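Here is a short briefing on one helix and its surroundings. Look at the structure, then read on.

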Amino acid sequence: MRKILAYPLTIIYYLLFGLTLVIFHPIQWVSVRFFGYQAHKKSVDILNFFLLRCLNVLGTRFHFENSHHIPLNQPCIIVANHQGTYDIPPIIWYLRHLHPKFISKKELGKGIPSISFNLRHGGSVLIDRKDKTQALQAIKGLTEYLNTHHRSVVIFAEGTRSKDGVPMRFATAGLKTLFEAMPTALIVPITINNSWKLNRWGGFPMDIGVFVKHKVHVPFFVHSAPVETLISQVESVILQDFSEIKERRKQ
């Protein structure tokens, strides 16, 4: 019965989702061309607010727990586990004051209304995973921008999404690159739970009634410990609530 109900609700969701992207694409274009960065950022914030509301059609609920005051006078490195595409809108909306940027594969830079435009013009970078030189240069340019303007970068430390919600081991290269290039940054660890369930049946239908949770842990500075220690620390903090990891890694 649950899956049967999910079919018509998913159709409605995709119609609203697509309409939202199409509407906000020209809004972003006008914002960038005539009003600059702050207007464009505001349009992206509002876009992601409405993307969350589209998911409410599926009965999706969101809980974003953040009891920490994160000052704005330094760059931030937001580190999270990764369960799917729907990890991203809550981070953009609820941490909008941190101006989060993304390191994305170049394929996402074209063909997707609103999303591709934002990746190209909103301060994020697009990298070619097959071209390490280009990727490193793009990331270096991004870190210089973040350090100068006190903005934030989001990194999903597993390197890919977990299809069953159980996090994989963190890939260390990206974290190490950011930690070394942003010595004054504040690390903001986030644990994401349940967003994978939205696509447990694939893209169609999407599951209904999912309770997606984001939990922000106590931030700490990059300069507080050596890089290798920082990587172990942030992985331990983010993954501490996943008892399944211990069992899987025993196998």
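How do α5 and α6 lie to each other: parallel, antiparallel, perpendicular or oblique? Their axes cross at roughly 40°, and α5 and α6 are therefore oblique to each other. Oblique is what remains once angles under 35 degrees (roughly parallel), over 145 (roughly antiparallel) and 65 to 115 (roughly perpendicular) are set aside.

This is a predicted model: local features need pLDDT of at least 70, side-chain atom pairs count only at pLDDT 80 or more, and totals for chains, interfaces and linings use all residues. Residues are numbered from 1 along each chain as its sequence is written, and side-chain values use heavy atoms, without hydrogens and water.

**The helix pair**
- The axes of α5 and α6 come within 10 Å.
- Ile139, Thr143 and Asn147 of α5 meet Thr177, Leu178 and Ala181 of α6 (contact means heavy atoms within 4.5 Å).

**The two sides of α6**
- Helix α6 spans residues 172-181, and its buried residues are Leu175, Leu178 and Phe179 (buried is under 20% relative accessible area, exposed over 50%, partly exposed in between, with a 1.4 Å probe and protein chains only).
- Seen down the axis of α6, these fall within an arc of 100°, so they line one face of the helix.
- Ala173 and Glu180 are exposed on the other side of α6.

**The core**
- The largest nonpolar core has 29 residues (a set of buried Ala, Val, Leu, Ile, Met, Phe, Trp, Tyr and Cys residues joined through side-chain atoms within 4.5 Å).
- Leu175 and Phe179 are among those with the most contacts inside this core.
- α7 gives the largest share of this core, six residues.
- Phe179 touches residues including Ile77, Ile187 and Leu230.

Notes. Helices (H or I, at least four residues) and strands (E, at least two) are DSSP runs, numbered from the N terminus. The arc is that of the directions from the helix axis to the C-beta atoms. Axes are lines fitted to C-alpha atoms, for helices over the stretch in contact, and angles run from 0 to 180 degrees between N-to-C directions. Lists of a residue's contacts leave out its neighbours within four places in sequence.
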